[in-house]
Amino acid sequence: MSPIAEGFGALLDPTVMLCIAAGAVLGMLVGAFPGITATMAVALASGFTLALDPVPGLAVLLTIYVAANFGDRVPAILVNTPGTPASIATTFDGYAMAKKGRAGLALTASAFASAWGTLVGVALLLAAAVPLSRLALQFGPAEMFALVVFGLTMMIGVSGGRIVKGLMAGAFGLLLGAVGRDPITGATRFTFGFAELSDGIPFIAAIIGLFGIAEVLDQILTHRRGTGTAPITQFGRWLPRRSDWRAMLKPLAVGSGVGGVVGIVPAAGGDIAGILAWDQARRVSKEPESFGKGSLEGITAADTSSNATLGGSVTTTLALGIPGDSVMAVMIGSMVVWGIQPGPSLFSDQPALVYSIAGIMLVATAVALGLSLLRMRGVVRLLELPRQYLWTVILVFCMVGTYAVNNSVFDVCVMLIFGVAGLFLRRFGIPAGPVVLGLILGELAEGNLRRALQIGGAETILTSPIAMSILAVSVLALAVPPLRQAWRNRTRPATPDPDSDTTPVA
């Protein structure tokens, strides 16, 4: 049986379809509640899916990933609050449309744009993953070390302009990745007498703490009663007219192109893609003045682009073993537990699995689109639920899910410690993404670096054109953002001091 038939045939298992249905409902609910990110949901679900076989387990996690990027548009449009960071650009025009009585049209257009963007991303996965993996198969230890460094610096480089703090977070993650066994000699290190740490820090416990517990603690500490925007209750017309479809064609194309390119870049994410596509669509629109005031073109471009990044993120993860975004960073941990090693060899060792993943994303898109097209009046009531009930449920599931992985109270303690650490990271503005990447990629980076040095010393890296090119791009990823900001500050005209008697000379 061919890998394509075997991969897509695995989806005919009733268990897989049930997992997709469950993941779609969970993902839509996760996206609909502001503050509960897809990363947090996938991290929490990971603890419960490890008892499943790989394909059903991936069906749950991938469907949550896909469906959350549909559900997060609901609060962005109805409450002007992004359900996840990927829907930031949706608020630019979505809420303005809702205030004009066009919330139904905004939700429907967003659903179709999200579905189209996801399909474009899956097509990119099927088209680009194999050539990319074949290229990566030529990599030796020096090139793989450079590639891991590239993945780390890309995550740090897009840490919201916080380059230094991103570097600190990445270094902390690499330090955590050194706990456990030496990748070359196998000797234990930095375990401080805890036998449970001999295989490294429990990954699932760490990510649930960093993204789940930390998020709940942060919301508890910052919650204020009576704050927030009342949801829109007047939906108006739901179905797009022919003129609406014509207006959506150009932004669909713009969003597909931008999202496909941005998705390949590790750690760029849907939030960046959505904003870039919204701006590009405004530049090519015949009515740029309507953007930000309730433009159907704006919401279509943003949602198409942010969802098109999903396929690119999965492509980078599967082909190179470098997480495309924070959700895929979490998912790699589950894959490793299942015995799946993302990277170039995956396409030769388990080609059918790649097609199963693509098939899961296609079916998940269809199911999420169907749920999104249902009238969203009930979601308004969900948005009005007291946060206290939600916090309680999340905390219970975090503890149960963490304990269920290894039936270990030690893992629960690790989760709580990382939850408090994650809260401190948030308070000091330090991103958690580089910490997770450092924890995942630390052993891979160290192992390949030491192998390269054993083969031929530092010259092995310095004389490799591929390794040096990748490292040069990594340096640019760190250097360009602060240099660009410094140039902008230098060229920005000085603002006159209102208290000064001196008037500027013409």
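The model is a predicted one, in which local features need pLDDT of at least 70, side-chain atom pairs count only at pLDDT 80 or more, and totals for chains, interfaces and linings use all residues. Residues are numbered from 1 along each chain as its sequence is written, and side-chain values use heavy atoms, with hydrogens and water left out.

Let's start with the whole protein. Its secondary structure comes to 22 helices and two strands; helices (H or I, at least four residues) and strands (E, at least two) are DSSP runs, numbered from the N terminus. Of the 506 residues, 54% are buried, where buried means under 20% relative accessible area, exposed over 50%, and partly exposed in between (1.4 Å probe, protein chains only). The accessible surface is about 22400 Å², and carbon and sulfur atoms hold 65% of that area, as computed by the Shrake-Rupley method with a 1.4 Å probe. Among contacts (heavy atoms within 4.5 Å) between residues at least 6 apart in sequence, 80% join residues at least 24 apart.

Now step inside. In soluble globular proteins, nonpolar side chains tend to be buried together. A nonpolar core is a set of buried Ala, Val, Leu, Ile, Met, Phe, Trp, Tyr and Cys residues joined through side-chain atoms within 4.5 Å. The largest one here has 107 residues, and Leu-58, Ile-201, Leu-318 and Met-331 have the most contacts inside it. Helix α4 (residues 54–71) gives the most to this core, with twelve residues. A second, separate core has 17 residues, including Leu-78, Leu-105, Trp-238 and Met-248. Leaving aside residues up to four places away in sequence, Ile-201 touches Leu-176, Val-179, Ala-206, Val-414, Phe-418 and Leu-439.

Helices α1 (3–9) and α7 (103–136) each supply at least two of the patch residues. Leu-119 sits in α7 and is partly exposed, at 38% relative accessible area.

Finally, look at the loop between β2 (188–189) and α10 (203–222), where Phe-190 is found. Phe-190 has a positive phi, near 55 degrees, without being a glycine, and is partly exposed at 46%. Phe-192 lies in the loop between β2 and α10, with a positive phi of about 55 degrees, and is exposed, with a relative accessible area of 70%.
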